[in-house]
Structure formats: C-alpha cells, structure tokens
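Good morning, and thank you for joining this meeting.

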There are 2 protein chains.
Amino acid sequence: MAGRDPGSRNASVKDVAAAAGVSLGTVSNVLNRPDRVSPDTRERVLRAMAELGFVRNESARQLRAGSSRTLAYVMLDASNPFFIDIAQGIDTAAEAVGLSLVLCNSRSLAEREQSHLALLEQQRVQGILITPVDPDAASLDDVARRGTPVVLVDRTRADQKFCSVAVDDVLGGQRAVEHLIDRGHTRVAFVGGPTTLGPVRDRWRGAQDAWAAAGLPAEGLVEVTTTGLTVAEGREAGQRLAGMPAPRRPTAAFCANDLTALGLLQQATSSGLRVPEELALVGYDDIDFAGAAAVPLTSVRQPRQELGCTAAELVLDEATNPEHTHRQVLFTPELVARASTLG
Amino acid sequence: MAGRDPGSRNASVKDVAAAAGVSLGTVSNVLNRPDRVSPDTRERVLRAMAELGFVRNESARQLRAGSSRTLAYVMLDASNPFFIDIAQGIDTAAEAVGLSLVLCNSRSLAEREQSHLALLEQQRVQGILITPVDPDAASLDDVARRGTPVVLVDRTRADQKFCSVAVDDVLGGQRAVEHLIDRGHTRVAFVGGPTTLGPVRDRWRGAQDAWAAAGLPAEGLVEVTTTGLTVAEGREAGQRLAGMPAPRRPTAAFCANDLTALGLLQQATSSGLRVPEELALVGYDDIDFAGAAAVPLTSVRQPRQELGCTAAELVLDEATNPEHTHRQVLFTPELVARASTLG
DNA sequence: CGATCGGGTTGACACGTTTCACAACAGCGT
DNA sequence: ACGCTGTTGTGAAACGTGTCAACCCGATCG
C-alpha cells in the first residue's frame, strides 16, 4: 500500500539511453552540455527521462567529480537565533554560487561536534564553517590537514592557522558600557559566563576598558558570572540582582548575550523592578527577539548575515584558489539603543 | 600557504592496502567486519590508515550501497523556533538509529522548496520530512511516486496519500478560547492569517466551536486577519486593537502563533495597554520565548520534539518496512496558563 | 596419512556518472 | 574527386567502495 511506482524504481542513464536509443555519453551530454546535442535527439532523451522518472544519482556524480557541491555549517546551538541568522547568511552566499548547505548542531558538545566533523569529511564537503566548542581543539587541525578547508565563525584563534570571521567583542563591550556611562550609571553589572568562552572574555574586557577610560572606580563594575548564556541563566542572575539591597544594587546590567538579557528582563519585571527606571539593560547580538521584547532591548548588533556570508566566501576561496592565504576578518559591532536603557 | 599536507591528499583503500601490504578486500573488512580479520593485520591496516590520513569516501559507499545514511527535513521557516525544536526532535531520533540529518529551509517559498526536494532526491536520502508550503502540491506526489518516502510534519492532507504528524489544531483553538471564557472574557479577538494556512483555519474553527458551545453571541468573537504569522504582523494587529475605543475593544486576544502574540504583546505594552488587566493574551506553540517574555505568555503547547521524533519513525518505517501503511498521527495540545491571562 | 574444516585473505566485479579520444558524416571549397 | 572543418554521437575508462565466491594453509578428525 505504499503506493510507489513498482517498475520504474531508480532508472539510470543506461536505462534512459536504451529507451531513447542513444548511447550513455549522449544522455550525459544532454544533462551537462545540452548544446552539444541536436535538438531532436535531446528531445527524445528528455522524454525518455520523464517517462522513466529518472533522477540523477548525486553519489555517482560526486564520486566521479571527487568532491561534493555542498558547504557545511556546524553550529554551536541551534536554539539561539543568533546562529540561525548566521546560517541564513551562509545559505544565501552558498546559493549564489550553486552550492547547497548542510546544517549540523553540536549543542555545545565536543563529542557531537567531533562526529559531525567526521561525517562531513567523509562526505567530501567543499568546506566546513564552524563555531567550535573549543577553537583550539586539535581535531580542527586534523580536518584541515587532511585537506578540507575550515573557517572559524564568531571565534578566533591566537595562531592564525585558520580563516576566521568574527566581530570585535572588546569594542562591543566597550560601546555597551560607554552607553550606560553616558546614561549616568555608576553601578553596573556585567552578566555572563563561563569566562572560558572567548567572546564573553572579550566583552568583559571591553566593559572594563570603557569603565577605566571613564575614570570610574573599579568597584562600581561588578561581574555576575553565569555558567552559560541561556534564558534560564539570565533569570537566575536576575534573582541574584533583585535580591540585593537597593542602595548597593547596580542600576544597570550589561549581558553578554540577548538570551541572558531576556531572562534577566523577565525576572526583573516579575520581581517588580521597573526597566529601565530601576534597572537598565543592555544585551548583545541584537537577535530579532531583542527588539520584540515587551521592553525593547538595547543591544549590541553583530552583522549576523554578513558574518555568515563572508565566512562562506572565505571557505570557498580556500577551496578553489590555490594561492589562498588565511585571513582573519573582524567586523565592527554597533550599539542599538532602545527602551531598555532609554528612560 | 594553505598548510595542508601536500602528499597525502585523499588516500583511498587502495593506498592503504598497498601501505599495509594487504589486499583491498582486507582493508574493507577492517572497516566493516573487524572480527573477520586477525588482530595483527588489523593493527597494521589501522596504522597505515592513520599514517595516510585515510578518510572513507561516503559517495563511493553510497553509490555501492544504493542509498544514503541520511534523513532530511525541509522546514518552512528556520527563524521560527517552533520548527527548530521539531528539527531537534528529528535529530535525536535519527541519531538513535545512526542516521544523520540534513536541514533545509524553504523560507515559505515554493520555488526553494522545489529545488531542495530535487537535490534531496538526487542525494538518495532515506526519507524526507517536510512542512510544505502547500501540502497539496503535486511535486510532493512526484517525489513519493519515484520512491522516496515523504512524511508531512505539522500539516495534513485530505487524501491520505502520505504519513503525517500533526497536532489537533481545532482542539487547541478550543482550549485557548475556553480558557479565556473561563476567565470571564466576552469580547475576544482571534489574530492570525492567512486563512489559506491549514493550522490557522483549524485554530479559528476551534475558537468558534468553543465560543458557540458556551452560548456566547457570535459578534463577541472577532477575527483580526494578518498576512502572516510573524512578530511584525503581531505588532501591526496590536496597533489595530489599541486603536479601538475601549468599550468596543476586545479584552483578550488569541493569537494563532507565539511570534504574533509576542509582537502583539510588545505593541500593547508600548501603547500603554496593561497585560493581562486590559488585554489578556494567548499564544500558540509555546516556544521557549513565550515563557521567557516579560509577561510570560499563556500558550497552547504542541509536543514539538515528539512531533519530530514520531515523524522520523514514520519515515523510517516507510523506508524499511515493506508492508508499511500510511498513518496520520494526531497529537493532543495542552494549554499552559501563565501571567498573560492570569490577573 | 588423506579428507575435511574453517579462519584469513584475495581479486574481480558492480554501483552510476562524467570525460575524452575518436568515429561517422555532412557540407564546403579547391 | 579530395581534403578540410565542424557537428553529433559513440564507447571505454575511471572514480572508491562493498561483496562474494574462491583460495590458501594449517589444524583436526577418522
């Protein structure tokens, strides 16, 4: 009862050739160089293909060609819209050059990341874009050494052994805190973690830089460390903040991430803290949900689509250009001020 | 300067065999039936593979095997977390049986959907899960007829030519409106569209059913039609509602979708309407951001992960079980009451 | 001591496509 | 009539893997 056509299962060029009364080569030419074949035979072949329900076998094609027509993006966390937007950017860039994109999700698990990488390597993808669990992991070097181009996305490495695309997180942290200082805040919390994450570290450093540059006393900027950048962690941090006595409580928080900021916003609201009057809030990434929050969130925008797009271009260059040299592209973030900091 | 190992590019079983001093078949056996080969030769072969940086060629493998080890999910809109969660569910199910998942995003464009389907067919994927732009499109039948199992996700079709997995949207709409009636509302807006979308139609019907069952006058339930289920559409609908004179304005809104509800919530808040006091709000899907909103959103939960998981099982059965028969699985939604309706 | 057995290994073949050198043939000018 | 050019079509070879019948050889059994 499955209802598939019983006879015509998986016709091959050979079958098409037989049906059309031509040779294999001719069928192949119809597929790949239609101009090389006379109109009427082409017509005959096309009709045969339609009748037989012929579908090109991509595996055979790839085997012959030696490499596939796909790029891959291994993302860190598909439930964070930030990475989805990056994927979107990659997709459009890939589409423009006729490649397709396969998406993998490591869920921040090194083990999953590893197995995805292995699979992609076996698939002979043209290139791998990845936001790795650990940019310094040796497995990345292994993949690259064996010949698959690898580009780091939203991460960098001290040794410049890979192309990478990232945003200046130090500058972003600076901008965020400068904005809060401009708005008159003198007690500010930085919420984020773990500090092993490169971007968190950099944003924190930027925050400190801005603080110092303004000549404010160091104890006014407090670090509230979380174990991850999720909504739940933000809520939890919010509880800690709301629990502090008002005179000591920071009047503003800069979150390493919009998810965290949204969680914090929720907890603050439900604890009766008014945003931005009693607690101003700055997020990071400017995901769509940041602007869509009940109190629209001030955030540091990263050019997400462009990030993905550029990464795709880099990996493609590495795959096709023999005199490719590794490049580290650094974009500039931009503060988007909204109601969560504007009284 | 690309830094790849110059010599060892793409070693094949043949190279490994030569290096280890054995035949091709033996190498293949090491890979596929390690027990069939003596420990010391196995050791020798493995060492040779490591030295040469051998990576199995999946294309060749698939060509030989006749089908790939992957499932595919063509999603309607990757920027809606609802579909990401479904993908998550599929992924875990696929992983459990050793298959990998490739994700495609049609962005609600029939043309993109079509080209993804063509590509997947060429890839000989084991099965295709899809939330189609139009469940009745003939292209779906074509794919199925040519032998690739297709399962509809969060959509159904009148003729039961496909397996499908969905949630009872009529019931969901009913539950949502019953909840609002319980809370004492007598003027309620249904916000959503376009009505060509099956789920929107069903939820609206469920809403009407509940309304009629409660014996309320039909004019108390108004339909606010949008052209899509996005945050922006929600905002726009919010503006329309906020513009109405208070005595005529609905005291509650049931949105066909959480994104729409979040947009509506934002617009209402910024227009000075208090939620839930002046406007109660019910969403649909219960995406994580619904619970994370500043005013946590009451929503109709769909078992998203389970949806994906079951769809994967169905497509797998269709792919492997010769006496497969099509099934339409219908899950039951569940109302999750939160602050947006609880004064 | 010969027959039998079975673990370990071999080598040829098939999968479906693309490519490429070459053949067939018509039209053309000399 | 001949060679030349250009257009169509041909058939074999190759890509890397998995499979399978056959083979080798030492050990066991009768």
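Let me begin with a term: a residue is called buried when its relative accessible area is under 20%. Please also keep in mind that this is a predicted model.

I turn to the overall form of chain A. Its secondary structure comprises 13 helices and 12 strands. The C-alpha trace extends over about 90 × 50 × 35 Å along its principal axes. Of the 343 residues in chain A, 53% are buried.

As for charge, chain A carries 35 positive and 42 negative side chains, with 5 Å between the centres of the two sets.

Next, the backbone. Where does chain A have a cis peptide bond? One joins A:Gly193 and A:Pro194, with omega about -5°. A:Pro194 sits in the loop between β6 and α9 of chain A. In chain B, a cis peptide bond joins B:Val275 and B:Pro276, with omega about 10°; B:Pro276 belongs to the loop between α11 and β9 of that chain.

Finally, I draw your attention to two aspartates. A:Asp285, in strand β9 of chain A, is not a glycine, yet its phi is positive, near 115°. Is A:Asp285 buried or exposed? Its relative accessibility is 3%, so it counts as buried. A:Asp286 lies in the loop between β9 and α12 and has a positive phi of about 55°. A:Asp286 is buried too, because its relative accessible area is 5%.

Key:
Residues are numbered from 1 along each chain as its sequence is written. Chains are lettered from A and ligands numbered from 1 in the order in which they are written. This is a predicted model: local features need pLDDT of at least 70, side-chain atom pairs count only at pLDDT 80 or more; totals for chains, interfaces and linings use all residues. Side-chain values use heavy atoms; hydrogens and water are left out. Helices (H or I, at least four residues) and strands (E, at least two) are DSSP runs, numbered from the N terminus. Buried means under 20% relative accessible area, exposed over 50%, partly exposed in between (1.4 Å probe, protein chains only). Lys and Arg count as positive and Asp and Glu as negative; His and the chain ends are not counted. The place of a charge is taken as NZ of Lys, CZ of Arg, CG of Asp or CD of Glu.
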